[in-house]
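Please open the model in a viewer and keep the selection tool at hand.

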Amino acid sequence: MDIEFLLNGETIRLTTAPTRTLLEWLREERDLKGTKEGCNEGDCGACTVVVQDESGIKALNACILFLPQLHGKAVRTVEALGSNGLHPVQTAMIEHHGSQCGFCTPGIVASLVAGHAQGRTDYDTVLAGNLCRCTGYAPIIRAAQAAEGTERPEWIEEDRQKLSTLTTPAPFAPQTSDELAAWYVDHPDAQLIAGATDVGLWVTKQLRDLPSVAFLGKCTDLQDIRDLGDHLWIGAAVTMTALRSALLESHPAYAELVRRYASEQVRNAATIGGNIANGSPIGDNPPALIAMGAQLQLRQGDARRNLALEDFFIDYGKQDRRSGEFVEAVLIPKIVPDLKCYKISKRFDQDISAVLGCFNVTVENGTVTAARIAFGGMAATPKLATHAMQAMVGETWSAETINRAKAAMDKDFRPISDMRASAGYRLGVAKSLFDRYFAERAGQAVNVLEVRA
Amino acid sequence: MSVHRSSPHDSAPLHVGGAARYVDDIPLPRGALHLAFGLSTIAKGRITDMDLSLVRKALGVVAVLTAEDLPFANDVSPGAHDEPLLSDGTVHYHGQPLFLVVAESHLLARKAARLGKITYTEETPILTIKEALAADSRFEDGPRVWSKGDSRTAIKSAPNRISGRITMGGQEHFYLEGQAALALPQDNGDMEIHSSTQHPTEIQHKVAEALGIPFHGVRVETRRMGGGFGGKESQGNALAVACAIAARLTGRACKMRYDRDDDMVITGKRHDFEIDYEVGFDQSGRILGIEFDQKTRGGWALDLTLPVADRAMLHSDNAYLLDHVTITSHRLKTNTASATAFRGFGGPQGVLGIERVMDHIAHTLGADPVDVRRINYYAPMQANTAAAHPTNTTPYGMEVTDFILGEMTENFLESAAYVERRREIDAWNAAQPILKKGLGFSPVKFGISFTLTHLNQAGALVHVYADGSIRINHGGTEMGQGLFQKVAQVAAQTFGVDQAAIKITATDTAKVPNTSATAASSGSDLNGMAVKIACDTIKNRLGEVAAKHFGCAPAELRFEGGHVNSPSKSMPFADLAALAYQSRVSLSSTGFYKTPDLSWDRIAGKGRPFFYFAQGLALTEVVIDTLTGENRILRADILHDAGASLNPALDIGQVEGGYVQGAGWLTTEELVWDDKGRLRTHAPSTYKIPACSDRPDVFNVDLWDAPNPMATIFRSKAVGEPPFMHGISAFLALSDAISACGPKYPMLDAPATPERILAAIKRARDEL
């Protein structure tokens, strides 16, 4: 594929294999050794680079970023983050002893520089995808705080202006969802790639070759969020970052769950459609969407069909998706006032759920009039707690009803044991989340993340 | 002063700009090759057939080697000769290297390494402590037992007795830079190695043995590591030897770095332990007699298991005077990756054992856990003369003469507002039905020196050039701890010059020979002293030149501010260097240091294994969710004894980082093996080290600024490992929070994942 992008301010035109990663290319072809490989799966952030496009400036993991995804964008590596010498973040990192072994440092610096450009001060979130094994993070935060309010480097504006000078046409990549739909019917075995935060690992870890791919980054209409009156239409290629910021006010519980979905770098690449289409039983979006009553919009050629999201997941690794059909959008109610999402994992940030419980129970005059409760990590697919829901609807909103619903959970789920949690813990905690939901709605403190010393 | 000053890490400007070079960043000569191991897919058995035809045919493959292709020693162990580089036909653990692929690129080597078709006769592996005990599968003939006094009688006659067990998991190092090595073949059969290792000399030895050449034919260089934590003390041997063998075979440069998953599967981790305890105590909580039964899983090969298990025994007392004590240690051999060194080296496991006991005693008596600890402390330094406290000795018979935790504790409890916060937390807990807070207090007293006495030596090489610039080299390695910076400060201090005059250079076996690993927190103690001795030698020679020039006595000279000054005259250090050169005076010297006064009999468990003790205190506040077991660290206060710190900023960095790493060990970091012996947590997606938000919201770290009574380098104390044990306070805080849920002792095990916390809550409530 022929692509063109900016690397540290310089225009690069090259022909690349579709699944060559940016990290490998930087290190092996460009001798830019500052960007490090720590895990090669997007979990440690040592390879973080700063990428700018029309949507803004952001941190991305270079290890699972395929070169064609960069077409038409500007990438900055740790070697070129200052305009004249070092970026203020870099200077502060020296002065505040923010590096020890130094191996995570380029990635930390890249994340902080992206955060600095965005005016961010929520450092725990900015750095959730950057592991440091030496410092305990404290001096890194001191450095970040010291650099607050300092001047942004000139290259941000220079790169932004230069982006419009790139002339090479996009490599094969559908420009609209219509183009994609037509092409995919003819190439049903091709792999669709949006953020590559999952597909990237097929290449770097499973060492798979992907003979036929299509990059979705140019289908801008799939990145839309449309207001349909009662519902929001969320295009499949909306990134988790864009989704979170769009829903921060209207769907706070879901937006907070999205904050804990992977990390900043991953959310900047990963899409809502990808997280649904890959069919994982432990993806964080589906349980929340199912609890909201989301509809999935599938498209095959010109034909579209909608189905309840829970019906898309048939079994482990099996979804109701026909040949040449793709996830085009998900539709969610505009207001879901009773939604709460509880993610249980060993670590709060950048971890995969052991159990994810999403509760959406409507109570009118002390009686449960509707209940949608969905779990991830409890079965081969994200799934509604049907029996528990039935045990609640029509009953009074009380501890007794909660207890009956908990008992009904035995009929809904038979989870497995794995490295994240045992079956017994999963089922026990899934039931306890009913208590949490009941207590939280009663105004009790239930969230350790909100407690301070 | 150059020492006792918070200068930034010497490489910090390189780190932040991505210019610091690690092994994988070194430019390669043309035609360099890349290596990957083919790994076993069973935990125990015999290989009946290895069909490597697809591997050999794979794209980019230059050579494929098995054990039969190795010309000399097939061994990468640190000493016991029980770790073949490539399997000799027996499989000892899942992930054991069986064959070696040499290919045109890293990716092609990895791809080819997965194409081997191996046929095995599988045997039932010994995986757990329980299985190893049942099969009597152990290193050494039987358990090691050390004792002092008569623990059995003392426990039997004590007014209170309790017993219990704590299990604690291992820990993956998760150095951000994975293992890596590069071999560059030289003429005449020599080999140059660049290795990410804490122990260049051991790499040199293993490579020489594998190539069948004397040590002098191998030069090993280590500029820096991207983290070590003990995981690069012996675990880099396999990569360096593989590279050397392949480089010898092909005549081309060969590089190997493990992909993260391979790294986590192949290499050893911290030893997991199960410790049974029985203790008798009086009404005040004073321990009258105690017995520990420590069981640890060493994995398939010996590696460093014996000294690790020894150190766990050596720290069973932690800060407490035990008159009647027996410690039994079982070093078990299992079909898992060979456990290895990890920051603290068994010490944290031993300390956690007795800290659990302290909390259990306090809970039993309804006493304050801090009071129970203080009543058991060793006698303080000032009061402790042999006459006054003839029995202020450790279980291994070493007299404790430098105990300062009593005084530190008084100061610390006040600055951390212990009493008030205890009260506030009790009130908070009474008002909260679902969330509970807890406080955990833990002291640490950590013995400084290698327990293998002969390792306590170091060498240095210092050159002063005719322009007054200075180049220093020593046997210690830089893994992020700031050793090079500290040693440069020592050199600058000694010569009275600005640190800019000092060039710090890569560790190099051709410059300083026969070095010890940079381990046991010994780096600056040993190498700082060796460099100082070398600098003093040159300084004395310079002094003679200057004294003659000024017409004064050498004793009247002062080296400071980049000048040498007599009472009446002054000249720049650079001019003096030029003058000395012109006067035909040698401006180069070696330095050699060995720690004095050590003697140790590890079989008897008697002697003075340590030069001194580094000490410290931690108090952690946590909150738990009793519905799910989720938890957070809210605040940590630490007071740490670094002696007269060589560099307070770097030392605080070690304390902060050590605390978070220690807390990670005991909370989120869980290694899970399945019943086939396969590690299921072999990537950061499944193995969770602390992330940014896991550090305490409030994190107060102070140094106890008092000079080391022992004559260490500028009276500083070692600081690498001791702060790791401050993380234990987080674990104790979790246990304390759980205790707010019910009357029973929670018997929390580590790592305290949400699942284990929830189980402990049920125990506290007596629901199990």
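The stops that follow begin at the contact between the chains and then turn to individual residues. Please note that this is a predicted model.

**Stop 1: the contact between the chains**

The selection holds 79 residues from chain A and 84 residues from chain B. The size of an interface is often given as the accessible area lost when the parts come together. Here chain A and chain B bury about 6,600 Å² between them, and 58% of that area is on carbon and sulfur atoms. Within chain A, select Arg133(A), Leu207(A) and Lys346(A): these residues lose the most area to chain B, together accounting for 14% of what that side buries.

**Stop 2: charged and polar pairs across the contact**

Between chain A and chain B the count is 15 salt bridges, and 39 residue pairs are in polar contact, both residues being at pLDDT 80 or more.

Which elements of chain A supply at least two residues each to the side that touches chain B? They are α1 (22–28), α2 (88–95), α3 (105–117), α4 (123–126), α5 (138–146), β15 (339–344) and α17 (423–441). By class, the side of chain A that touches chain B has 38 nonpolar, 19 polar and 22 charged residues.

**Stop 3: aromatic rings**

Display the aromatic side chains. Over all chains, the count comes to 29 aromatic pairs. Now select Tyr396(B) and Phe610(B). Their ring centres are 6.0 Å apart and their planes lie at 85°, above the 60 degrees required, so the pair is edge-to-face. Tyr396(B) lies in the loop between α11 (369–376) and α12 (405–415) of chain B, and Phe610(B) in the loop between β26 (606–608) and β27 (612–625), so the pair ties together parts that are 214 residues apart in sequence. Tyr396(B) counts as buried at 1% relative accessibility, and Phe610(B) is buried at 0%.

In chain A, select Tyr342(A), Phe359(A), Phe375(A), Trp397(A), Phe413(A), Phe434(A), Tyr437(A) and Phe438(A), which form one aromatic cluster.

**Stop 4: a buried threonine**

Select Thr305(B), in helix α9 (residues 305–314) of chain B. Is Thr305(B) buried or exposed? Its relative accessible area is 0%, under the 20% limit, so Thr305(B) is buried. Leaving aside residues up to four places away in sequence, Thr305(B) touches Phe139(B), His271(B), Gly298(B), Arg331(B) and Ala339(B).

**Stop 5: backbone geometry**

Most residues other than glycine have a negative phi, and most peptide bonds are trans.

- Select Ala750(B) and Pro751(B): the peptide bond between them is cis, with omega near 0°. Pro751(B) is found in the loop between α18 (728–739) and α19 (754–764) of chain B.
- Select Tyr137(A): this residue, not a glycine, has a positive phi of about 70°. Tyr137(A) is in the loop between α4 and α5 of chain A and counts as buried at 1% relative accessibility.
- Select His4(B): its phi is near 60°, again positive in a residue other than glycine. His4(B) lies in the segment before α1 (12–17) of chain B and counts as partly exposed at 33% relative accessibility.

Definitions and conventions: Residues numbered from 1 in each chain as written. Chains lettered and ligands numbered in written order. Heavy atoms only, no water. Contact = heavy atoms within 4.5 Å. Buried area = accessible area lost by both parts, 1.4 Å probe. Salt bridge = Lys/Arg side-chain N within 4 Å of Asp/Glu carboxyl O. Polar contact = N/O pair within 3.5 Å; in protein donor to acceptor, adjacent residues only side chain to side chain. Helix = DSSP H or I, 4+ residues; strand = E, 2+ residues; numbered from the N terminus. Nonpolar A, V, L, I, M, F, W, Y, C, P; charged D, E, K, R; others polar. Phe/Tyr/Trp six-rings, centres within 6.5 Å; stacked < 30°, edge-to-face > 60°. Buried < 20%, exposed > 50% of the residue type's maximum accessible area, 1.4 Å probe, protein only.
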